[in-house]
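Reader: I am new to this one. Could you show it to me before we talk it through?

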Amino acid sequence: MATEESASVMDDYEMLISTTDVELLKRAWRNEKAAPEILQFESSLVQRIKEQIELAEQNEEIFEANNIEPLTVSLYQMDLDRTQFLLRSYLRVRLQKIEKYLFYVLKTDEYLNRLSKQEQMFARRCTDDLGSHLDETVLAKLPDNYRSILKQSITSEEDDMVPAPRLDTFVICKANQYLSGLDFEPDYSMEITEMERDLLTFVCYKFVKKPLENGKIDLV
């Protein structure tokens, strides 16, 4: 009876831990690492992965209690560890980008809407803490015209102290299908007018921003 229960648990887990989700997470992680800007948060995928991890952790006790073959348990644990690593790394890369472009993200609705609710809370908390720290240690000691966190002086027309993502960075990408000129970013002059499937291409990120968002290319 115990063996049947363990087998049933393993079958349920294998159905839930689909290769598709692991590969999708790996793809999201690679794209996030390579892109110069923060991408759309993969909320549905992350939720599914979290559920899979929770199920795997619950099943470990069942496997131990029913003396499942050590090799099977070891492979199961390796798969769990790999999934946890990918998820943590994906979230960590996003937090690093938020910290790097903190003020720009918060003042730009397009970027702010790409964050999860937890990431938005993190960004706002960081901004408040950093603003308070700078006010107390630096800005309060400067002349009134130079006390802005966002501008070099009160005469600046733009927020020239806020770093923005460099969309003109060059990246390596691979098309998931044949792409023609209509698939690329409009009103952006490039010599490349098409991309063959699975062919690695070194190109300006801004040029492939649109097909990346549409899932037609992957960054490498």
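**Strands, helices and cysteines**

Author: C173 has L219 in strand 3 as its bridge partner (strands are DSSP E runs of at least two residues, helices H or I runs of at least four, both numbered from the N terminus). This is a predicted model, in which local features need pLDDT of at least 70 and side-chain atom pairs count only at pLDDT 80 or more, while totals for chains, interfaces and linings use all residues. Residues are numbered from 1 along each chain as its sequence is written, and side-chain values use heavy atoms, leaving out hydrogens and water.

Reader: How many bridges join strand 1 to strand 3?

Author: Strand 1 (residues 170-175) and strand 3 run antiparallel and are joined by 3 bridges.

Reader: And what is the strand order in the sheet?

Author: The open sheet has 3 strands in the order 2-1-3, paired antiparallel; two strands pair if DSSP finds at least two bridges between them. Its edge strands are strand 2 (200-204) and strand 3 (217-219).

Reader: Changing topic: how many disulfides are there?

Author: The count is 0 disulfides, a disulfide being a pair of cysteine sulfur atoms within 2.5 Å.

Reader: Is C204 buried or exposed?

Author: C204 is buried, because its relative accessible area is 1% (buried means under 20%, exposed over 50%, partly exposed in between, with a 1.4 Å probe and protein chains only).

Reader: What about C126?

Author: C126 counts as partly exposed, because its relative accessibility is 22%.

Reader: Which residues of helix 4 meet helix 7?

Author: R94, L95, I98 and E99 in helix 4 meet E119, F122 and A123 in helix 7, where contact means heavy atoms within 4.5 Å.
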